[in-house]
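Hi everyone, thanks for coming. I'd like to walk you through one structure today, taking it a piece at a time. Have a look at it first, and then we'll start.

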Amino acid sequence: MKTYQAAVIGGGPGGYIAAIQCAQRGLKTVLVEKRDLGGTCLNRGCIPTKTLLHGAEVYYEIKESKGLGIDITGEVGFKYKKMAKRKDKVVKQLRSGVEYLVSNHGADIVAGEAVLTGAHTFTVGEEEFEAEKIILAAGSAPAQIPIPGADQEGVLNSDSVLELTECPESVTIIGGGVIGVEFATLFADLGTPVTIVEMLPTILAGNDPDICSTMAYLLENKGVTIHVGAAVKEIRSDMSVVFEKDGETQETAPASNVIMAIGRRPQTAALNLAAAGVEATEKGFIPVNEYMQTNVENIYAIGDITGKVQLAHVATAQGVIAADHAAGIARAMDYSAVPGCIYTSPEIACVGLTEEKAKEAGRDVKVGQFNLSGNGRSLAVNSADGFVKLIADAQTDEIIGCHIIGPYATEMIGEATVAIQNKLTAEQLGNTIHAHPTVSESIMEAAHDIHGLCCHKA
Ligand code: FAD
Ligand code: NAI
């Protein structure tokens, strides 16, 4: 039996950071990973998708660059195989970095599947382990809807799309959430006909409604067909998707592939939670308190398996909270300023409450908006279709939400996140000098707009 002070099960962005943090806090630590270090995010999520999206965006921009005065003679093309190879290279480089970091911080790495045998014990294959504290970080996998045709060859999920070495000739995407819309952007930019079928009344539901409608408009302008309010019933062998909308049965055109992007399920079944007495919901998510403890005091759960917010940076933040608590440092997890980024073109980034959610919570709000058509940098970089929307509490002037669609949105959201986390007011944000010309000036302009003092708005 190998004994440790801390054991982390799952080496994704939650688990590997938790293991490093445990080791940094002086705990004798082991990290168990059954597949690849870096988890979904590094191997089948954040990094491969953004690497492919960058290539597709560059291709699209070059094709559309006549308006910038660029004269290209001959056809602009792309080799998907090479794009996929570059994606693999980026992933491999980062993966070896993770392995180096974990071992260099002094944590042991064990390859294999961990199965709990008690509140302090687990096995990996034949080997037995004992640990004072156990952090579960098993992550999630693509969910599937049980409809006829869902198991056919040609029906892909986010994992199998990323294994393609040829660009599909046409795709229908079931689910217009974050994954669906990012893959729609990727393939539309590469010139592949794309159709999205979404059950709810809008794509990217839950985001600011003006952002949803702007993105739908921009995708449709690129030739993407979007069906909303459409409940999928069947996938036919020609990859046409049958759906019900407004009481009528309709179907999409045949496609070379269908991509199912309808959410993710927790990977808790193989952990044998019952042996340790850890409770989970019917869907398999593990409830936790503010220190990431499960109902069993010495066992923590972090990341996608908690069913809180399925984002890499949330998994990481939860990992640090759990590791610190395991080492005797109690700091509660705070979800009030979690940025969410969507890597469309232009990008979308949000933090805090939408106007709708703030009102639902009974808050009296003031809203400031600045459209990027009035921003010099956005026009200079040929991407002025978006806006910045700031939500402030009407009584205290505190910033409680920021919603951006526009170039560099995912980089700009950090400013609003710091503002919300530190309870800054719209006045403080507006009084901060922003560099010119930058898109981030629009955050300052939106802050001025909250007080009716925006100079660049008529
Ligand atoms: P995971 O990353 O899923 O890692 C869990 C690890 O645990 C896996 O490696 C698994 O093999 C291992 N494991 C499971 N069970 C066991 C066991 N019993 N024993 C040993 N090992 C085990 N989030 C963002 O913030 N930004 C993005 O841009 C983004 N893009 C995404 C794009 C796609 C296509 C997808 C699918 C997801 C994306 N996400 C993004 C979400 C992000 O990947 C997840 O929120 C994040 O990876 C969750 O981290 P985690 O540590 O909880 O779990
Ligand atoms: P999601 O929850 O964002 O979207 C799933 C969509 O599918 C929803 O809009 C839902 O209404 C729709 N849907 C479900 N069943 C359907 C049906 N039968 N017919 C038609 N539509 C149906 O989940 P998604 O896109 O799979 O992403 C999973 C998670 O991964 C997200 O929670 C997100 O946090 C994370 N992620 C984050 C990214 C980022 O931060 N940039 C990128 C990709 C994923």
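Okay, let's begin with Gly 452, which comes after helix α14 and has a positive phi, near 70°. Before I go further, please remember that this is a predicted model.

Now step back into the helix itself. α14 covers residues 441-450. How many of its 10 residues are buried? Nine of them are, so the helix is largely enclosed by the rest of the structure. If you want to find them on your screen, the buried ones in α14 are Glu 441, Ser 442, Ile 443, Met 444, Glu 445, Ala 446, Ala 447, Asp 449 and Ile 450.

Okay, next stop: ligand 2. It has 22 residues around it, and the closest are Glu 182, Glu 198, Gly 263, Gln 310 and Cys 341. Sorted by type, that shell has 14 nonpolar residues, four polar ones and four charged ones. Which helix gives the most to the shell? That's α6, residues 178-189, with three residues. The shell also draws on two domains: at least three residues come from domain 1 (2-142 + 265-326), and at least three from domain 2 (155-262).

Let's zoom in on some individual atoms. Glu 182 has a polar side-chain atom 2.8 Å from a nitrogen atom of the ligand. With Met 199 we're talking about the backbone: one of its polar backbone atoms is 3.2 Å from a nitrogen atom of ligand 2. Gly 263 uses its backbone too, with an N or O atom 2.8 Å from an oxygen atom of the ligand.

You'll find it in the loop between β12 (231-235) and β13 (241-245). Is Ser 240 buried or exposed? It's buried, because its relative accessible area is 0%, and the cut-off for buried is under 20%. Its side chain makes a polar contact of 2.7 Å with the side chain of Asp 238. Leaving aside residues up to four places away in sequence, Ser 240 touches Glu 234, Ile 235, Glu 251, Thr 252, Ala 253 and Pro 254.

Definitions and conventions:
Residues numbered from 1 in each chain as written. Chains lettered and ligands numbered in written order. Predicted model: local features only at pLDDT ≥ 70, side-chain atom pairs only at ≥ 80, totals over all residues. Heavy atoms only, no water. Helix = DSSP H or I, 4+ residues; strand = E, 2+ residues; numbered from the N terminus. Buried < 20%, exposed > 50% of the residue type's maximum accessible area, 1.4 Å probe, protein only. Polar contact = N/O pair within 3.5 Å; in protein donor to acceptor, adjacent residues only side chain to side chain. Contact = heavy atoms within 4.5 Å. Near = heavy atom within 4 Å. Nonpolar A, V, L, I, M, F, W, Y, C, P; charged D, E, K, R; others polar. Domains from an automatic or database assignment.
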